[in-house]
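User: I have a model open and would like to talk through how it is put together. Could we go over it piece by piece?

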Amino acid sequence: MTQNIQKRFYHAELQELRDHLLLMATLAIESVSNTIQALESFDMDTAERVIRDDDQLDELEIRIDAEATRYISLRAPVASDVRLVMVAMKASHELERIGDEATGIAKRVMRLVGESRFGDTGRIKEMCALVLAQVRDAVRCLIDQDAPRAAGIPMRDKAIDEIHREHHTLFSDRIMGDPTKAGSLIELIFISKALERIGDHATNIAEEIVFLYQAEDIRHTDRVKRS
Amino acid sequence: MFTSSQKDRPPGETFVWFTAMGLAVGLLMIVGLLGFIVWRGVAVFWPKPVAEIRLKEGAPTFRGSSNVVGVITKQQAIDARNLSPEQLSNPDPTVRMEKQLFVGNRNYFGVSYVYFNAGDIEAVDYPDGILNIERMEWGNALVYPIALEMKDGTRVEASDPAFPGRFRDLLSEVNKRRAAITRIEKGKIGKINHRMRELQLDERYLARQKTLTATQEQDLKRVRERIRELQTAYDPLAAQALALREQQSDHRLLFRLATGEERSQAMGEFVHHFWPNRMSVFKKIGQFLHHVKEFLIAYPREANTEGGIFPSIFGTVVMTLLMSLAVTPFGVLAAIYLREYAKQGPFVRAVRIAVNNLAGVPSIVFGIFGLGFFVYFMGGNIDRIFFPRNVELGVPTFGTGGVLWASLTLALMTVPVVIVSTEEALAAVSRGVRQGALACGASKWQTIQTLVLPASAPGILTGLILAMARGAGEVAPLILVGVVALAPSLPVDSIFPFIHLERKFMHLGFHIYDLGFQSPDSEAAMPMVFATTLVLILLVVVLNLGAILIRNHLKRKYMASAF
Amino acid sequence: MIMTAPMPEPTAKAETRDRVTNPLSGVLERSATNPNPDPSLRMDYIRVSNFNFFYNQTAQVLFDLNMDIPERQVTAFIGPSGCGKSTLLRNINRMNDLIDGVRHEGDIQINGHSIYDPYLEVISLRKRIGMVFQKSNPFPKSIYENVIYSLRVAGRKKKSELDDTVERSLRGAALWGEVKDRLHESAFSLSGGQMQRLCIARAIANRPEILLMDEPCSALDPIATGKIEELIHELKASYTIVIVTHNMQQAARVSDRTAFFYLGRLVEYDETQKVFMNPSNPQTEAYVSGRFG
């Protein structure tokens, strides 16, 4: 079925919006990856870099919101165009929150650097790998326009939530066993929480992706109900 | 930066000048033509002074007299071929001029206009004792009144200061009596004559039959009785008229011609008078208006060279109206069918071409067609079916020219104009209006009747105006189908059925032709020709103005069409 | 027969209580996007079945159309120029019959009766359908005469009936206030938007069941367009409206169902919000996003 699909002059604005969103996603992945690396190797420089780079994510969120609002006002988009604009606005918020959580982890790492190594960090390492993989996956689905795969992400988030619940119990018990280590253990709980939040944000992004490409709103349905 | 050069002038400016010149030339021609006709036509009615000319000793006399009285009508150079060598060599230029004089008194002098060599004129005078009398016969009399001779023998001398008043009173009495005579003769007696004619035709018809049936015998008896009755009714009226006529000769005017002869004439033969050399400007204007009025509402005399042209005006108006009545429905309905209903194909195109070409056919061809088809074929058949008695007697009613056939012939001639302009007007109504009407549930005819026709009315009227203008001016076809130089009666009168479509009628255009080329004295007729031409033009203008006013009213009401 | 005692009305009381204590009660039950269409209305009020249409006997312009247009809703026909939407619209009241050489196959039924029934008089069909054209076409008559034209051609003469119709129709077209003092002035003394509303008043004067509108606002400024869209929104309570428009936003604003035509075929026909939020056909998607046409 051939038709003369013409690009209008303003469709470039839509492409630019999409590019900015993908840029923001890439930066968010980098942020998470770096902060995990800083956490695992107690690298001050990397942690500082994460904190610095968060500004970019904030700027991008503002920029994407402004472009999206402008596009709605001036171009009256419909169908997939309007979904893209709405997803851009919402996903940029999620990505910005991911950035904030990563920054939070970096700051806690810097606070912990003076302390001795934790010894047993529970399943933090495992959690980091899962979270990073989840965020990467979500962004991959965004780039590849792979809605079915994105629909499977919310289920995987359950594992991450499970680990955090374990950490909560584990570290709370350890604090009761050795109150002197309370400071760093509390930091660890917060770090676990932050990782779990990153997972949630990635899940939200996955749900947005399903809406964008399948026009289906899967939020709060049984498919994605977390505990 | 903004200075203009030759190159900047908008191209084609010179052509604008050409178009303006073309328009100016056209306007000049129209104004010139109308002005000429108006000038010559109006001048006819203005009362002119009457001169008395004394000829030189030795110059050729006029009827043995060296005194001539008349209106100086023309002054021109004598044709060089008619000049004698002495006249040519004479240093005085007046010997090569001649004056034309209207001497009137045609019954005494035999001619109306006489030429005099200007060199033969001794003196020109304008005595105020001259009287200009308009007469029933023989035109105007230019005379010196001597006295009024009354029936009882008394005289009123011309020198008597009461003379002008007395003369005027007697004349108005005579005119009133004449009107009474006309009322009796044309009115009452006319009705009787009409019925009598019919009965006589019946009688002749029945009398010609070889054998009569019983009913026919009865009819014949009854007809003869009716004739006798009418005769008895006729006699007293005739006697009345006769008595009045005799009264017209009660008083006589004694007068002297310029040549010195004395004559007298009965007052009853006079129609109007004025003292040409005694009148102030007001009086002259009064005379002028009187002449105009008489010209328009009086009947003609003297083979159309005297009197008024009322029957011609009436005939022209009646014929034009009948023509319009005939052409409008026929043309409009044909145009509606062509434009709205007919399937547009080669046949309809051919019809349209034929209609357009019909407009170019010479009008005399229509006259011949009208003669052959309307007069002989249709008229003959109508006579055969409805008036067998007249056919038997050889008296054609519709089988000869008449106002009906003339109107129909001209209607046929002007129908292409109406069809074309109606079609244009119909086409100018926008499709949107038609579609809107149909979408409202109107049928095609309802759309035409309620929307298309009213919106086209201005255009249709334009066509009618053009048709009337063309029809009122055509003369050639009319000669063949019903116009005569002098008609015995008007096509519309008080005798049932009031409109007589079979009667012949008079027409202004034909009147002009008849006057200009058929009258015995063309010089005398020339003023009438111009005056009649002026009236014809004014009549057409008035008819057109009427139609234009109606059209403007309709345009304001319906303002949708391009016309 | 058992007489039952009249049911008490606790629900009403509960509602009253709720309304007093909770001003937001019922907010979720009511919805602007779904004003509860009467389920008794026919969804196939106008039914187009296997409809093919030809100009000059052979040039086909509509290909195998099948659609059901529901009663008392606004259905929009959209599509690029020359896609056949106006042609289909004009077939519903058989205005295309006026063109020489047209031919159709298939059927169009209104309320179960075929409009091509040989015993059906076309004029009576057109009396039940009102039409508004792209270029407003008021008749060269007074405003009063314009509105009651359909009554006049139907032969109705009673002055009281005509006067009532004029007022009702002009009120229905949101024009009464502006012209009530000059009903007998020429229709051409109105502005462009007013003339179009006059044409709408004329179309509804005879209380038709269906209102067909062929790009009614394309010649009007935004304010006049807005008034007419407002009018369409009110009119749909009483009339089945089919509107052809090439203004997508207008279709999105006023219609309940939208049909997208392309090259004489019906590409997609669905609820308007489906067509504009998530069309099934990628051609439709491309068209409504403005990527072609």
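This is a predicted model: local features need pLDDT of at least 70, side-chain atom pairs count only at pLDDT 80 or more; totals for chains, interfaces and linings use all residues.

User: Which chains have the most contacts between them?

Analyst: Two pairs of chains touch, and of these the pair with the most contacts is chains B and C. Chain A and chain B, by contrast, are joined by no contact, and their closest C-alpha atoms lie 34 Å apart.

User: How many residues does the contact between B and C take from each side?

Analyst: Chain C contributes 21 residues and chain B contributes 20 residues. Between them the two chains bury about 1700 Å², with 66% of that area on carbon and sulfur atoms. On the chain C side, the residues that lose the most area to chain B are C:Pro140, C:Tyr149 and C:Val153, which together make up 31% of what that side buries.

User: Staying with chain C, how many helices and strands does it have?

Analyst: Chain C has 12 helices and 10 strands, and 49% of its 293 residues count as buried. If one takes the contacts in chain C with a separation of 6 or more, 68% of them come from residues 24 or more positions apart.

User: There is a four-stranded sheet in there; in what order do the strands run?

Analyst: The order in chain C is S2-S1-S4-S5, in an open sheet with antiparallel pairing. Its edge strands are S2(C), residues 59–69, and S5(C), residues 113–114, each of which pairs on one side only.

User: How many bridges join S1(C) to S4(C)?

Analyst: Seven bridges join S1(C) to S4(C), and the two strands run antiparallel; one of the pairings to look at is C:Phe54, whose bridge partner in S4(C) is C:Arg103.

User: Switching to chain B: is H11(B) enclosed or open to the outside, and why?

Analyst: H11(B) is largely enclosed by the rest of the structure, because 19 of its 26 residues are buried, where buried means under 20% relative accessible area.

User: Where does H11(B) bend?

Analyst: The bend is at B:Thr414 and amounts to about 45°, with a proline, B:Pro416, following within four residues. The end-to-end span still agrees with expectation, because at 1.5 Å a residue the helix, residues 403–428, should span 38 Å, and its end C-alpha atoms are 36 Å apart.

User: One last thing, S3(B): is it covered or exposed, and what does it pair with?

Analyst: S3(B), residues 97–102, is mostly covered, with five of its six residues buried. Six bridges join it to S2(B), residues 67–77, and five bridges join it to S4(B), residues 113–117; S3(B) runs antiparallel to S2(B) and likewise antiparallel to S4(B). For reference points on the display, B:Gln76 stands opposite B:Glu98 in S3(B), and B:Leu101 has B:Val114 in S4(B) as its bridge partner.

Definitions and conventions
Residues are numbered from 1 along each chain as its sequence is written. Chains are lettered from A and ligands numbered from 1 in the order in which they are written. Side-chain values use heavy atoms; hydrogens and water are left out. The expected span of a helix is 1.5 Å times one less than its number of residues. The bend at a residue is the angle between axes fitted to the seven residues ending there and the seven starting there. Buried means under 20% relative accessible area, exposed over 50%, partly exposed in between (1.4 Å probe, protein chains only). Two strands pair if DSSP finds at least two bridges between them. Contact means heavy atoms within 4.5 Å. Buried area is the accessible area (1.4 Å probe) that two parts lose on being put together, summed over both.
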